[in-house]
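Subject: Handover of a two-chain model

Dear colleague,

Please find below the structure that I am handing over to you. My findings follow directly after it.

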Amino acid sequence: MLAHETSPLKQTPLHALHLARGAKMVPFAGYDMPVQYTAGVLREHLHTRKDAGLFDVSHMGQLVLKAKSGKVGDAALALEKLVPQDIAGIAPGRQRYAQFTNDDGGLLDDLMVANFGDHLFLVVNAACKAEDEAHLRAHLSDTCEIVSLADRALIALQGPKAESALAKLCADVSSMKFMDAGPRRVADIDCFVSRSGYTGEDGFEISVPADKAEALVTALLDNPDVLPIGLGARDSLRLEAGLCLYGHDVDTTTTPVEGALEWSVQKVRRSGGVRAGGFPGADKILAQFADGAARRRVGLKPDGRAPVREGAALFADATSSEQIGKVTSGGFGPSLNAPVAMGYLPTALSAVGTTVFAEVRGQRLPLKVAATPFVPNTYKR
Amino acid sequence: MTTLYTSDHEWLRIEGDVATIGITDYAQSQLGDVVFVELPKVGRSLKKAEAAAVVESVKAASDVYAPITGEVIEVNEALAAEPALVNSDAGGKAWFFKLKIADKGELGGLMDEAAYAAHTA
């Protein structure tokens with residue numbers, strides 16, 4: 001206990017529950033977080049794909065953006081000054097993936113934006129949340145109120161049995177489609193529920209008042225289909241799903257085009273669109289939409305069994321001394337029973353099926369550029 | 001036959017001038033599910049404390065160091081096909097490699113079973 005008393009690490013409202021369930025705790029983004037429970041990463045990963053996994057993601061930032069005019073459309077147009085997404089086009093009760101860009105077209109963070117009818121609800125990455133909040137305040141305070149919901153926990157329930165497990169506590173969730181989002185009563189608690197997540201599976205993210213989080217999670221874990229899942233399996237699940245991890249696969253030096261996130265920038269914000277540009281780095285990003293970028297994020301499948309991990313240098317052939325790219329995420333995919341990775345390559349070498357080589361412990365290992373997701377997603381559209 | 005241990009959680013089974021080397025059950029329990037093992041080449045001369053093998057779990061890669069100096073005379077090919085053996089039988093079927101011992105004097109610095117048990121307690 002002394003370690004916790006002297007440690008600067010923050011704890012989520014579910015910290016005691018993690019310890020009681022035998023979690024191995026590690027520092028992550030300033031929080032003491034469960035990396036795995038007693039089942040271990042492999043079983044936790046496979047259980048999520050087969051039944052349902054419950055993740056504590058309370059370290060992430062939850063923010064409300066409300067226009068001083070009271071109109072959600074004004075909050076949306078304000079936020080569009082900071083992101084290249086169509087925020088005004090998010091219908092009430094819907095959510096969309098977005099990125100904060102910088103003046104060089106790089107990404108300050110990625111986030112989820114939901115329209116809750118009279119305001120926007122934002123979920124941002126833990127490591128960026130203080131900077132994100134300051135960024136919003138610096139640019140939008142004249143027209144918007146920004147409220148940090150630090151007194152709420154956030155949990156994700158993911159997998160093919162997530163719907164049946166959550167429906168026992170809130171019948172209404174069965175009618176939700178992928179990226180529906182809004183307030184719901186779950187187990188008689190006022191929650192915000194979205195049908196989304198970061199595993200490639202159908203599932204939900206549930207924002208719950210901190211003092212009710214343990215009760216809600218205990219009720220969900222009483223269901224034998226639901227196991228608690230640590231950050232280890234969260235990472236292997238999102239990697240198999242081909243999803244970017246901010247700070248690794250995308251960061252301040254990568255644009256949405258380089259990051260292969262063009263799908264997330266709606267036409268209305270691109271050249272020729274009604275609200276084209278008007279976000280930081282628009283000149284560079286829109287030029288890349290027109291002309292392409294020199295490099296591109298790709299999926300990579302090692303030919304052998306050896307995992308190729310973050311930081312491995314990439315080469316065009318087995319002997320060349322000229323590094324052409326870098327692995328940004330890599331590990332073992334338990335559902336594929338094979339190693340998987342992603343990284344950046346020159347666009348000319350980014351076609352699916354291209355063979356490149358990674359340097360691992362002094363050896364060149366062949367990998368093929370592969371389509372993502374590596375494991376098909378099961379979102380309920 | 002004597003079994004000795006290192007503070008890096010390797011075991012050595014000594015038979016004559018040959019040491020069979022693996023990682024301990026404690027080590028595998030700390031690593032988690034093993035998904036890949038890279039073994040040294042037969043014929044390679046290893047110096048004490050040199051990185052000799054790699055064992056990888058879903059989330060991380062860990063080096064296995066040569067606990068003594070010697071030449072690799074055999075490796076356990078079964079680990080390539082079935083890395084999970086390391087989790088199920090770390091002290092037995094999941095041996096990593098055999099070394100021809102160069103200097104028996106190096107064995108004096110290793111732990112016996114009781115000392116290793118105290119080390120991991």
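This is a predicted model: local features need pLDDT of at least 70, side-chain atom pairs count only at pLDDT 80 or more; totals for chains, interfaces and linings use all residues.

Residues are numbered from 1 along each chain as its sequence is written, and chains are lettered from A and ligands numbered from 1 in the order in which they are written.

Chain B

Along its principal axes, the C-alpha trace of chain B spans about 35 × 35 × 20 Å. The chain contains four helices and nine strands, and its elements run β-β-β-α-β-β-β-β-β-α-α-β-α from the N terminus on. Helices (H or I, at least four residues) and strands (E, at least two) are DSSP runs, numbered from the N terminus. Of the 121 residues of chain B, 42% count as buried. A residue is buried if 20 or more other C-beta atoms lie within 10 Å of its own, exposed if 12 or fewer, and partly exposed in between, with C-beta atoms placed from the backbone. Among the contacts in chain B with a separation of 6 or more, 60% come from residues 24 or more positions apart; two residues are in contact if their C-beta atoms, placed from the backbone, lie within 7 Å.

In an unreviewed entry, UniProt lists residues 18-100 of chain B for "domain: Lipoyl-binding". The end C-alpha atoms of this span lie 5 Å apart, and the span is 18% helix and 42% strand. UniProt positions are given in the numbering used here, feature names are shortened, and annotations may be inferred rather than shown by experiment.

Lys59(B) is placed in the loop between strand E6 (51-57) and strand E7 (61-65) of chain B, and it counts as buried because it has 23 C-beta neighbours inside 10 Å. Asp89(B), in the loop between helix H3 (85-88) and strand E9 (97-101) of chain B, has 14 C-beta neighbours inside 10 Å and therefore counts as partly exposed. The C-alpha atoms of Asp89(B) and Ile23(B) are 10.0 Å apart, although 66 residues separate them along the chain.

Leaving aside its neighbours within four places in sequence, Lys59(B) is in contact with Val41(A), Gly232(A), Asp235(A) and Gly331(A).

Chain A

The domain assignment of chain A gives domain 1 (1-293) and domain 2 (294-375); such bounds come from an automatic or database domain assignment. The contact between them takes 18 residues from domain 1 and 21 residues from domain 2. Helix H3 (41-50) and helix H8 (231-240) of chain A each give two or more residues to the side of domain 1 that touches domain 2, and H3(A) gives the largest share, four residues.

H3(A) is largely enclosed by the rest of the structure, because seven of its ten residues are buried. Val41(A), Glu44(A) and His45(A) are among these buried residues, which pack against strand E2 (31-36), strand E3 (52-56), strand E9 (152-158), strand E13 (226-228) and H8 of chain A.

The largest nonpolar core has 129 residues, and Leu79(A), Val113(A) and Ile155(A) are among those with the most contacts inside it. A nonpolar core is a set of buried Ala, Val, Leu, Ile, Met, Phe, Trp, Tyr and Cys residues joined through C-beta atoms within 7 Å. Strand E6 (residues 107-115) of chain A gives the most to this core, six residues. Both domains of chain A give residues to this core, so it lies between them.

With kind regards
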